[in-house]
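Let's take a walk through one protein chain, a piece at a time.

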Amino acid sequence: FLVIVYLLIRRKKYDVIHLHGDWSSFIFGPFIKKITTAKVIATTYHGSLNSGIIKKCLLIFSLKKSNVCFFNGYEVFSAMRGCCNAIFQPSGVNSIFRISDLSELNNKIYDVVTVAYFRPEKNLYTFLNVAKALPQYTFCLIGYGPQSQEIDNYIKKQKMKNLLNLGKLTQLQIKDILKQSKIFLFTSLKEGTPTVLMEAMSVGLPIVSSDVSGIKYFI
């Protein structure tokens with residue numbers, strides 16, 4: 001709404017409007033196109049397939065108003081390409097994750113690692129419970145989010161000595177941890193095309209993952 005107010009006040013004209021989000025953002029596309037006299041509406045959808053027929057219908061309705069729709073998840077792209085001008089555009093991997101010398105991968109400290117935004121759909125309690133069930137192996141958790149304090153409290157309550165919660169790290173720091181790990185465990189319940197998996201594979205890690213979205217296609 002603030003963006004619309006800004007556009008109405010400034011009265012700026014644009015050729016292309018790019019909307020990034022869900023149906024709740026896309027549905028405003030035609031109005032924004034009109035007030036900016038734009039020729040093209042492009043949308044980018046990073047989510048998974050919505051549960052519930054109403055949300056699915058709203059997503060389809062709003063996407064039909066766009067000239068071109070980009071999807072970073074193969075599953076949702078496959079489901080939606082019949083109702084809009086759909087293009088599959090997965091995320092990319094930052095070049096810092098390239099390994100030029102394989103000797104960089106010799107120093108292995110952690111058995112299992114994951115990187116995630118700490119929220120319910122990432123299903124991190126499965127990762128924690130696997131670590132709890134396998135105390136003979138070392139686990140490393142990287143990330144932050146709404147569940148950060150909750151997860152930290154759980155680790156302390158369970159006295160999990162084999163799990164290290166590193167919190168939020170820079171990309172270079174993440175690369176260093178990935179290089180020192182043996183397996184990347186990914187437990188998410190909803191995804192587009194997760195960049196963290198491609199980063200892990202770029203560093204040579206084998207992947208153990210839940211079978212959601214299009215993950216199996218690029219693995």
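## Helix H8 and its neighbours

Start with H8, whose buried residues pack against S5, S6, S7, S8 and H9. Which residues of helix H8 (residues 171-179) are buried? They are Ile174, Lys175, Ile177, Leu178 and Lys179. Here "buried" means under 20% relative accessible area, while exposed means over 50% and partly exposed lies in between, using a 1.4 Å probe and protein chains only. The helix and strand labels are DSSP runs numbered from the N terminus, with at least four residues (H or I) for a helix and at least two (E) for a strand.

A quick word on what you're looking at: this is a predicted model, where local features need pLDDT of at least 70 and side-chain atom pairs count only at pLDDT 80 or more, though totals for chains, interfaces and linings use all residues. Residues are numbered from 1 along each chain as its sequence is written, and side-chain values use heavy atoms, leaving out hydrogens and water.

## The whole chain

Zooming out, you'll find ten helices and nine strands in the chain. Its C-alpha atoms fill a box of roughly 60 × 40 × 35 Å along the principal axes. Of the 219 residues, 41% count as buried.

Now for contacts, meaning heavy atoms within 4.5 Å. Take the contacts between residues at least 6 apart in sequence: 64% of them join residues at least 24 apart.

In helix H6 (residues 124-133), the buried residues are Leu124, Phe127, Leu128 and Ala131. Why do they sit on the same side of H6? Because they cover an arc of only 95 degrees around the axis, with the arc taken from the directions that run from the helix axis to the C-beta atoms. An α-helix has 3.6 residues a turn, so residues three or four places apart point the same way. The buried residues of H6 pack against strand S5 (110-117), strand S6 (139-144), helix H7 (148-158), strand S7 (163-167) and S8.

H6 and H7 have axes 12 Å apart and pack at an angle of about 15 degrees. That makes the two helices roughly parallel. (Axes are lines fitted to C-alpha atoms, for helices over the stretch in contact, and angles run from 0 to 180 degrees between N-to-C directions; under 35 degrees counts as roughly parallel, over 145 as roughly antiparallel, 65 to 115 as roughly perpendicular and the rest as oblique.) From H6, the contact uses Leu124, Tyr125, Leu128, Asn129 and Lys132, and from H7 it uses Glu150, Ile151, Tyr154, Ile155 and Gln158.

## Helices H1 and H3

Another pair to look at is helix H1 (residues 2-10) and helix H3 (residues 29-36), whose axes come within 10 Å and cross at roughly 15 degrees. H1 and H3 are therefore roughly parallel to each other. Ile4, Leu7 and Leu8 of H1 meet Phe31, Ile32, Ile35 and Thr36 of H3.

## Two buried residues

Thr43 is in strand S2 (residues 40-45). Thr43 has a relative accessible area of 1%, so it counts as buried. Leaving out residues up to four places away in sequence, Thr43 touches several residues, including His18, Phe26 and Cys69.

Glu191 lies in the loop between strand S8 (181-186) and helix H9 (195-202). Is Glu191 buried or exposed? Its relative accessibility is 9%, so Glu191 counts as buried. The side chain of Glu191 makes polar contacts with those of Lys122 (2.4 Å) and Ser188 (2.8 Å). A polar contact is a pair of N or O atoms within 3.5 Å; within protein, one must be able to donate a hydrogen and the other to accept it, and residues adjacent in sequence count only if both atoms are side-chain atoms.
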